[in-house]
Structures are given as C-alpha cells and as structure tokens.
Amino acid sequence: MSILETRGLNKHFGGLHVTADVNLALEEGEIHCLIGPNGAGKSTLFRLILGEHAPSSGSIFYAGHDITPLKSFQRIRRGMSVKFQVPGIFKALSARQNLEIALQHHLEGGSLDAEADRLLDFLHLREVAEQFAGNLSHGQKQWLEIGMAISLKPKLLLLDEPTAGMSPAETFATGEIVQTLNADGVTILAVEHDMSFVRQVARRVTVLHLGRIFAQGTIEQIVADERVAAIYLGHGHA
Ligand SMILES: Nc1ncnc2c1ncn2[C@@H]1O[C@H](COP(=O)(O)OP(=O)(O)OP(=O)(O)O)[C@@H](O)[C@H]1O
C-alpha cells in the first residue's frame, strides 16, 4: 500500500511552473530518495507534501486519505515528521534538553528519561548530552534534529538533505541511522545530493528535472541511465 501519493501535483510561482504533474507513490516501509539538479523543484515538492505550500492543482493522499486541505501541524499529527536542512534546535539548551522538549509531547517521568537516553545513544550524542546544542559540531546538530523529528514517533519521516556539509564518516553514520529507523518501520523520503548516501540507503530513487519526474528506479537503474547522467550525474554529483 502507498503511505503517500501525490496525484497530478502542480505548483506555479507566478509564471514559473515549479512542480509539473507529479505523480509520486511511496510504498509503506521503503526508503525513497529524491534527487535532481539544482532548481529541479525538490524542495518545493517536499514543502507541498509537508503542507507548507498549497498546490496550484492536484492532490496528496496519506495512508489512503486526501490530506491536500490539511495544514502542516495536522499532517504531523497524523504521523509525518520532518527534518529540515537548517537545524531548528534550541541552541541555548543542552542536547538532552532539546530531546526532552520533543519527547514531552507523549512521555513523562522515567519513561521520558529512558527514551532520551536511548536516543542519545542511537544518535551518537551521549558524550555531548549536557553540552549546549549551539556548541555541537555540524553533524551532531543534524543528528539532534533527526532525534527531535523521530521523538514524535512518525510513520513517515521527511529528510531534507540530511547529510549536507557532513564528512564521509558522518554521512555513513547518518545512513546507518536512517536504515535502523526504517528497519523499525518508519517510511523515509529523503531529498539528497550525496550519491554515496543514496547508494547506501535508497530502495528506490526518483529523479526530478524541471519540476517533472524524469526517471524512477533502483539506484543501479538510475546510475546506468544515460539520460539521467546527461542532466545530473554528468555535473559532478556521481
Ligand atoms: N517561493 C518561491 N517563489 C518563487 N520561486 C520559487 C519559490 N520557491 C522556489 N522557487 C523556484 O522554483 C524552482 C525550484 O526550486 P526548488 O528550491 O524547489 O529546487 P531544488 O531542486 O530544491 O533546488 P536545490 O537543489 O538548489 O535546493 C527554482 O527556480 C526556484 O527559484
């Protein structure tokens, strides 16, 4: 079953057609990566799915329900969660306090403490748990943000360039985090430029070009597709 489906989705900004008749179906339990050259419309599609933009036409279904009219917070309440590229963490609070704020929506007392500890271990943040979030390394901030996103126990996790600015080792560790979440039942849609991450995690890849779905398949099929190479992989992203 599709957990998420966009049907004939279009978005215009004035005369600019940024999302063009996008029909994207995400199967429950998959890790799906959205790639494409700069300006392809990845972020816009992401924001349409999250409800931050209203589509010009078309609809979005989540778990079989039409969520097109729903606001972001209503979509999040139904089981979507998002990690943006720029971390929305509280810099003047510790890493642990950031997680506690996110967790207190549904936990308290000992179970909240235990879940915060589990997340700190899972996200390689145990040793910096008491440090101000603003003082963490770039990679640690990204992991903390993932921690806040998964504190909501989402069914569908949207990741916007989760490995941007990370070292190869941090990128690989992020891939492992994503794979573990997926093994625990979370469906994942990631916008990503880093092809090593895409190779590591993606079951299926969608290539967006000029707002349209240009190609779709396994990473092997996408890498072997000469049309894709011409628009994207040929520009140094392989
Ligand atoms: N709010 C907006 N108003 C007008 N134009 C916009 C708006 N948001 C995006 N665009 C335009 O839509 C096009 C697609 O942008 P988008 O950010 O979705 O692409 P992208 O694939 O995410 O690019 P990148 O990889 O560089 O982040 C670009 O030409 C951009 O300038």
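This is a predicted model: local features need pLDDT of at least 70, side-chain atom pairs count only at pLDDT 80 or more; totals for chains, interfaces and linings use all residues.
Which residues of helix α3 (residues 95-103) are buried? Residue numbers start from 1 along each chain, as its sequence is written.

**View 1. The shell around the ligand.** Around the ligand you will find F13, L16, V18, G36, N38, G39, A40, G41, K42, S43 and T44; a residue is near a molecule or strand if its C-beta atom, placed from the backbone, lies within 6 Å of it. By type, these residues comprise four nonpolar, six polar and one charged. Here Ala, Val, Leu, Ile, Met, Phe, Trp, Tyr, Cys and Pro count as nonpolar, Asp, Glu, Lys and Arg as charged, and the others, Gly among them, as polar. At least two residues of the shell come from each of β2 (16-27) and α1 (42-50). The largest share, three residues, belongs to α1. Helices (H or I, at least four residues) and strands (E, at least two) are DSSP runs, numbered from the N terminus.

**View 2. The four-stranded sheet.** This open sheet has the order β2-β1-β4-β5, with antiparallel pairing; two strands pair if DSSP finds at least two bridges between them. Its edges are β2 and β5 (65-66), each of which pairs on one side only. Two bridges link β4 (residues 57-62) to β5 in the antiparallel sense, and F61 has D66 in β5 as its bridge partner. Helix α1 packs on this sheet, touching β1 (2-13), β2 and β4, and its direction makes about 60° with that of β2. Contact means that the C-beta atoms of two residues, placed from the backbone, lie within 7 Å. Axes are lines fitted to C-alpha atoms, for helices over the stretch in contact, and angles run from 0 to 180 degrees between N-to-C directions.

View 3. Strands β7 (residues 156-160) and β8 (residues 187-191) run parallel and are joined by five bridges; D160 has V191 in β8 as its bridge partner.

**View 4. Two residues with positive phi.** Most residues other than glycine have a negative phi. E161, in the loop between β7 and α6, has a phi near 45°. L210, in the loop between β9 and β10, has a phi near 50°. E161 is buried, because 21 other C-beta atoms lie within 10 Å, whereas L210 is partly exposed, with 14. The cut-offs are 20 or more other C-beta atoms within 10 Å of a residue's own for buried, 12 or fewer for exposed, and in between for partly exposed, with C-beta atoms placed from the backbone.

**View 5. The buried side of α3.** Back to our opening question: the buried residues of α3 are A95, R96, N98, L99, A102 and L103. They lie on the same side of α3 because they cover an arc of only 160° around the axis, taken from the directions from the helix axis to the C-beta atoms. Their cover includes α4 (109-122) and α5 (138-150).
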